[in-house]
Amino acid sequence: VAMSSTLRMISMYLLFLCCLSPCAADLCNWSGSGLAREAEANSRTVQQVRLRCTEGSVEWVYPGQALRVVLEPNLSSAHHTTVCIKPFRSFNGASVYIERAGELDLLMTDGGRPEQVFCFPADGPQKPAIFLLANPQRDISQRAVGFRYELLGNRTTAPKLGQSVLQASCRPCNDTELLLAICSSDFVVRGSIRNVSHNAERQTSLVEVSEGRVYRQRSGVFERLTGTIGAPGSSSSWHGHIHTLLQCHVKPGGGEFLFTGTEHFGEAWLGCAPRYKEFMSLYQSAWAARQNPCEFPLD
């Protein structure tokens, strides 16, 4: 009860101060220094930032007082229900709060679990806002805080406060899900599993994919490896890494697979991954029956 009262008092105080502070707006990213803010006459006001994109980054060096980041993408037709943030590895000097119904909920304390993805629902009437409260420290030379953010839409179940977005299911996809995966996934890649490594701390596995073909990807997660430049008959192939949950117990396996999934914070996360021959058999049957939801190259 005492903690709830404290957060309510902080929230009311910050909201009052925010009304006195001008806003800085950028398309997707913001970077600034708390030193310049403290030099101003109204240094006790909370600095406000409004970001207009569905993904981007915030970097605050030498944090002082507080920073309020409002996420309001300039997409009138989009409905975003979940916000996810990933703190920088060097995050040091502030605590992160989420504004919810006029109060603040603690998301991450200073020095806690860097590079972990935190998600919270953003389906209320107000725009989602993130508070960074600077922690008093004598040595400011090592203080820098920052994070990347993503706004996710059309999710059937929004993660709870503090949960990771990576609540994927490890069960195999059924035929309908496989056919839809090639239409709606952020990436569709054909290739072989070269290696699988595990990270017990993050509870994730990393699948190395090589000798493949990229049909689609949202960003440059998968890169083309080229043989000796200028050499006769030099060849090239695609190479990349796909993350999945440790509980899925992914193991190296022979043959070709069709990897699909989503991309978050520059990383690929595994969705459906059937063997390529099995998928092609399924797709050709659906194509003959005119039940394929979208086109896929028949090579």
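C84 and C119 form a disulfide (a pair of cysteine sulfur atoms within 2.5 Å), with their sulfur atoms 2.1 Å apart. The link is right-handed, with 105° about the S-S bond. Because C84 belongs to strand β6 (residues 80–87) and C119 to strand β9 (residues 118–121), the pair ties together parts that are 35 residues apart in sequence. Strands (E, at least two residues) and helices (H or I, at least four) are DSSP runs, numbered from the N terminus. Both C84 and C119 are buried, where buried means under 20% relative accessible area, exposed over 50%, and partly exposed in between (1.4 Å probe, protein chains only).

The model is predicted: local features need pLDDT of at least 70, side-chain atom pairs count only at pLDDT 80 or more, and totals for chains, interfaces and linings use all residues. Residues are numbered from 1 along each chain as its sequence is written, and side-chain values use heavy atoms, with hydrogens and water left out.

A search of the whole structure finds four disulfides; three of them are tabulated here.

| Pair | S to S distance | Torsion about S-S |
|---|---|---|
| C28 and C53 | 2.1 Å | -60° |
| C84 and C119 | 2.1 Å | 105° |
| C173 and C272 | 2.0 Å | about -95° |

The link of C28 and C53 is left-handed. C28 is in the loop between β1 (23–26) and β2 (30–33), and C53 in the loop between β3 (47–51) and β4 (55–61), 25 residues apart. C28 is partly exposed at 25% relative accessible area, whereas C53 counts as buried at 17%.

The disulfide of C173 and C272 is also left-handed. Since C173 lies in the loop between β11 and α3 (175–184) and C272 in the loop between β17 (267–270) and α4 (276–288), this pair ties together parts that are 99 residues apart in sequence. C173 is partly exposed, with a relative accessible area of 23%, while C272 is buried at 9%.

Beyond its neighbours within four places in sequence, I130 is in contact (heavy atoms within 4.5 Å) with residues including L67, I85, F120 and F147.

Overall, the protein has four helices and 17 strands. Of its 299 residues, 43% count as buried.
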